[in-house]
Every structure is written in C-alpha cells, then in structure tokens.
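Hi everyone, thanks for coming. Let me put the structure up, and then we can walk through it together.

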Amino acid sequence: MTTILRTWELTKEYQGKEVVSGVNMNIKQGEIYGFLGPNGAGKTTVMKMITNLVKPTEGFIEFFGVSMTDHSYELLKRMGCIIENPVFYDKLTARENLQLHGEYMGYYNVKAMEEALELVKLKDVDKKPVKQFSLGMKQRLGIARALMTKPELLILDEPINGLDPMGIKEMREVFRMLSREYGMTLLISSHLLGEVEQVADTIGVIFEGILLEEVAMDRIRSRNTPYIELITGESGKAVYVLEHKLGLTNFKMLNPRTIRIYDAVQQLELNKALIEADVELESLSKKNHSLEDHFVELMGWGGIA
Ligand SMILES: Nc1ncnc2c1ncn2[C@@H]1O[C@H](COP(=O)(O)OP(=O)(O)OP(=O)(O)O)[C@@H](O)[C@H]1O
C-alpha cells in the first residue's frame, strides 16, 4: 500500500515546552489509522499541524509525496477534517447547513452535498432543525460537511467522544463504509483503545508528545494470541512429549527452561501427558496478554478503556 501522508520529526513547542516531539507517522492509502493516546498526549496538536492550522516548530509533512507549506492549498483541498466540535446553525436543517457552508466556501455542488448526506444517512432527515439532532447526528453532519469536497484523507479528532453506544456503532459503520466502499483514508484520534481497535487497520500510539508505536492491528493481534507457558528443567523431554505424544507443532523455546505453546491444547491434557512422561514441571500456566495489557505496559499508563 502506498503511504499518502508522512510526518518527519514533527515537533511543536508551546512556551518553550515540547508538546509534540519528533513524530514520524506513516498513513497508508485506504486505511483507517487509529491515533491513540490519553488526553493531553498531543493528538489534536499533530492533527492541527497536518491540516495547517498550527505551524510545526520543527519537522515537516509530506502529503502525496509533496512537502507541505503554508501555501499548499491544492494539497489541503485533498483533506477533510473535523477538529474540535463542528459548529452549525441550530435553526437550519442539515441540508441548509451544508448549502450555506458550500456557498461560503465557494464550492457549492448539489450532487456532492446530496451524496454526502446520503453517506451519513441524513438524507431523509429533511425537516428537523439541527438543534433537535442527537450528538451522533451532529457528528455525522460534521462528517458530511467534510465529505462535500470529496477528500482523499479524512481527519477526525475524537469523533466518538460523548456518543452513546448506538451513536458509536453508527459512527463505526460510517468509518468502515468510507474506507472499504469509497477507498477513503481515515485518520481518527481517540483515547479509547476499545473503540480504535475495532475499526483501525493501523494504530499509532502517542504519549506525552512521543509516538511510541506505529503498528498494524493484524500484527498486534497475532502478537497477543493466548499461549501456554511451560517452565521445566527437562525441556528436551517436554519437547519430545509435545511433538510425539501430543502432535503439537506451534511452540517455541524461549530459553532453555521456558516453552511457549501456541497450539490449541487443553491445559489439563498437556499436564497429564507431561506427568505420564515423568517431566518435572516448575510451572504450567495459560497466558493471555490482551491488547490492553500491551498498551498499558507501553505507556505505563492506565488511562485507556
Ligand atoms: N495553544 C496552546 N498553547 C499552549 N499549550 C497547548 C496549546 N494547545 C495544546 N497545548 C498543550 O499541548 C498538550 C497536547 O494537547 P493536545 O490537545 O494536542 O492533546 P490531545 O492528545 O489532543 O488531548 P485531548 O484529547 O485532551 O485534546 C497539552 O498539554 C495541551 O495543554
């Protein structure tokens, strides 16, 4: 997959304090990139730098292989964003709000507007003024507004913040549809691991302004599969039992005394076979290193849910 957005050592200082430090992000075409970190980690600041709302103190941003400057208007048109809460005219309907926005921005296009409303399932909410919208509907209207210019990269800052479970589900479906059906690339920030992990293809973890990890979800998942850990002074004998008595193939020796077994085998069955073969065990335990454990360890941080 082609990388469409790359940040190079992106850094921002406020009053002499670095709030974003040397961030190198790589966002690939068509993926959903989950930007994860606790409040105050620097997510919004990075997004503001990407969308040219804030000037980096150091570093630069490459979008479609071109380094961005203050005058990269054509490149910026290829991005859509919602950073901080979108504001609407309360007394107007969704369609009227989009019309007004389009006219104001000078790209009023009825077809694009109708398509955007349809995409976020607001096409039939004709008469309702925005003040009667739920938070989820307002978020979707914000997305519709960002979609009107048909951006190739959509940047959403905490789009599920404050939504109820139904609203969260709806948003998740919108993200998936934009990515899978329209090939759009999405950069979505959140402080909620549970939400990011359900939709993201790649996760970038930021903590105290530093990008700690950028990794494909598939890799994280395979890294966090459950396993049984076996500690014994007789590992040669144990390996013989695993291979020849139990027919296991997916295990590895971590060190001369520790074996990790990834094959699906019942702990009880394993224990029985080892005892029958007179293998002296120090311990035999099932480990399930969850994604949450992984991030908590990574950050020494308990702020994810
Ligand atoms: N204009 C500013 N002037 C001074 N400090 C700022 C400014 N904007 C952000 N900061 C500080 O930079 C740090 C990162 O803030 P940022 O909003 O980027 O974090 P975040 O990860 O998006 O968190 P949140 O989800 O709470 O918005 C915070 O400590 C914040 O107080």
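Which helix gives the largest share of the shell around the ligand? That is helix α1, residues 43–50, with three residues. A word on the names: helices (H or I, at least four residues) and strands (E, at least two) are DSSP runs, numbered from the N terminus.

Before going on, please keep in mind that this is a predicted model, where local features need pLDDT of at least 70, side-chain atom pairs count only at pLDDT 80 or more, and totals for chains, interfaces and linings use all residues. Residues are numbered from 1 along each chain as its sequence is written.

Back to the ligand. The residues around the ligand are Y14, V19, G37, N39, G40, A41, G42, K43, T44, T45, E158 and H191. A residue is near a molecule if its C-beta atom, placed from the backbone, lies within 6 Å of it. Sorted by class, this shell holds three nonpolar, seven polar and two charged residues. Here Ala, Val, Leu, Ile, Met, Phe, Trp, Tyr, Cys and Pro count as nonpolar, Asp, Glu, Lys and Arg as charged, and the others, Gly among them, as polar.

Now find helix α6, residues 165–180. With 16 residues, α6 reaches 22 Å from its first C-alpha to its last, close to the 22 Å expected at 1.5 Å a residue. The expected span is 1.5 Å times one less than the number of residues. Which residues of α6 are buried? They are I168, E170, M171, V174, F175 and L178. These residues cover an arc of only 165° around the axis, which puts them on the same side of α6. That arc is taken over the directions from the helix axis to the C-beta atoms. On the face turned away from the buried side, α6 carries the exposed residues P165, M166, E173 and R180. Buried means 20 or more other C-beta atoms within 10 Å of a residue's own, exposed means 12 or fewer, and partly exposed is in between, with C-beta atoms placed from the backbone. The cover over the buried residues of α6 includes β4 (32–36), α5 (135–147), β8 (153–156), β9 (185–190) and α7 (193–199). Contact means that two C-beta atoms, placed from the backbone, lie within 7 Å.

Let's follow β8 from that list. L153 and I155 point one way from β8, L154 and L156 point the other way, and all are buried. In a regular strand the side chains alternate between the two faces of the sheet. Strand β7, residues 79–82, pairs with β8 in the parallel sense over four bridges, and G80 stands opposite L154. β8 also pairs with β9, parallel and over four bridges, with L156 opposite I188. Strands pair if DSSP finds at least two bridges between them.

For an antiparallel case, look at β13 (residues 251–255) and β14 (residues 258–261), which pair over four bridges. A hairpin joins β13 to β14 through two residues, and N255 stands opposite T258.

One more helix: α3. In α3, A94, N97 and L98 are buried. Seen down the axis, the buried residues of α3 fall within an arc of 95°, so they line one face of the helix. Their cover includes α4 (110–119) and α5. After α3 comes G106, whose phi is positive, near 75°.
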